[in-house]
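Reader: Could you walk me through this model, a few residues and elements at a time?
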Amino acid sequence: MSVKNAFYAQSGGPTAVINASACAVIQTARAHPDQIGKVYAGRNGIVGALTEELIDTSLESDAQIAKLRTTPGAAFGSCRYKLKSLEEHRAQYERLIQVFKAHDIGYFFYNGGNDSMDTAWKVSQLAETMDHPLVCVGVPKTVDNDLPLTDCCPGFGSVAKYVATSIREAGLDVASMAKTSTKIFVLEVMGRHAGWITAACGLAAEREGAAPHILLFPEVAFDEVAFLARVQACVERYGYCTVAVSEGLKNGEGQFVAEQGGKDAFGHSQLGGAGQWIAQLIKDRLGHKYHWALADYLQRAARHLASKTDADQAYALGRAAVELALAGRNAVMPTVQRLSDAPYRWEVGVAELKNVANVERKMPTDFITPDGFHITDKCRAYLSPLIEGEDYPPYKNGLPDYVTLDNRLVAKQLPDFQI
């Protein structure tokens, strides 16, 4: 078998550990020079393939690539760009294959979530029809933890650790001032349709009365009357109330409470302000002074507080992706398969891309308490191992020492392409 180059791209919102997967892909490829030549990375994700902006990672030193393992963000640039269906815009997919042919690319590793796995699946199909040998392997990544057929998604464990830590610390702050000042604290976290990050906040409540007191999931229709009654009961019993709310909270009619009316590049509704909306509702109805916070990019960029479990899994799945490709496994995605909760044990599994693409895994009903406001013991048993362990980055001058790669491009060989 002749040596072929590989193409790697990052897609969607970054995570604290997506670069750990990138590190693993590149390091594992470098360990097999008899099968993989160079690893090209797409500048700004799949857009880089369409525009033929390919970063030559072979020009980065081993030391620089190694530092990716502890650096947040998307080192090669990411994007929110969903390729249309093959029927709607075949030219885009054909362009990808043309670029791959021009640069002798025989392996395609796409590091992303639901939409990315769909893209990798479609590219694998088209490559066959265009007679270009191409092995396509997805590398799972999403803070939302909503990919099917894997126990958890790299990126989620670190977000979970960050939000649980943050709401515990904020809860202690609010409790200390509640007698004469703020009695309400609301934290808005990511999660459009799946409440995994909101659920993770619940890990901080390890004893009666500890923050957070209320969790608002996108899977549970918001009941204003029941919610306000619970808030008031918490204030009367504990002196204050903390709430974690998903950005995707919906009302009884299935509408997002914080929908802005626009759409993002993937066609998803633009959300923002669920936390502020909830906080203002409490103020208007109950009169309590509040503060609210938006975890936003902080929750997915906090590499200084990454979960060791998460970092290890992100690296392991990146490595497994290359090993699967070298074994000739096409149109697949490595997964995390849980073997036991306590002690926590897991292994790498494999899923078919066609079974992962565009499927969204939501919170199981038995992970949410019957009243809809917190997590069950079963949920806690699932979540707890995912935030275990510390994996601090190196520090310099009191700050995390993260790497910035040179990201030098290879020479283009094809005409420009408009996206």
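Reader: Leaving aside its neighbours within four places in sequence, which residues is valine 163 in contact with?

Author: Happy to start there, keeping in mind that this is a predicted model. Valine 163 is among the residues with the most contacts inside the largest nonpolar core. Beyond four places in sequence, valine 163 is in contact with Leu187, Val189, Ile197, Ala200, Cys201 and Gln299.

Reader: Which element gives the largest share of this core?

Author: The core in question has 43 residues. Elements that give two or more residues to this core are α6 (156-177), β6 (184-189), α7 (196-201) and α13 (377-383). The largest share, 9 residues, comes from α6.

Reader: Is glycine 73 buried, partly exposed or exposed, and why?

Author: Glycine 73 sits in the loop between α3 and α4 (90-102). Not counting residues up to four places away in sequence, glycine 73 touches Pro14, Thr15, Ile18 and Asn19. Buried would need under 20% and exposed over 50%. Glycine 73 has a relative accessibility of 22%, so the residue counts as partly exposed.

Reader: Good. Which elements do the buried residues of α1 pack against?

Author: Helix α1 covers residues 18-30, and 11 of its 13 residues are buried. Among them are Ile18 and Asn19, two of the residues that glycine 73 touches. The buried residues of α1 pack against β1 (4-10), β2 (36-42), α3 (62-67), β4 (105-112), β5 (135-140) and α11 (308-326).

Note on methods: Residues are numbered from 1 along each chain as its sequence is written. This is a predicted model: local features need pLDDT of at least 70, side-chain atom pairs count only at pLDDT 80 or more; totals for chains, interfaces and linings use all residues. Side-chain values use heavy atoms; hydrogens and water are left out. Helices (H or I, at least four residues) and strands (E, at least two) are DSSP runs, numbered from the N terminus. The expected span of a helix is 1.5 Å times one less than its number of residues. Buried means under 20% relative accessible area, exposed over 50%, partly exposed in between (1.4 Å probe, protein chains only). Contact means heavy atoms within 4.5 Å. A nonpolar core is a set of buried Ala, Val, Leu, Ile, Met, Phe, Trp, Tyr and Cys residues joined through side-chain atoms within 4.5 Å.
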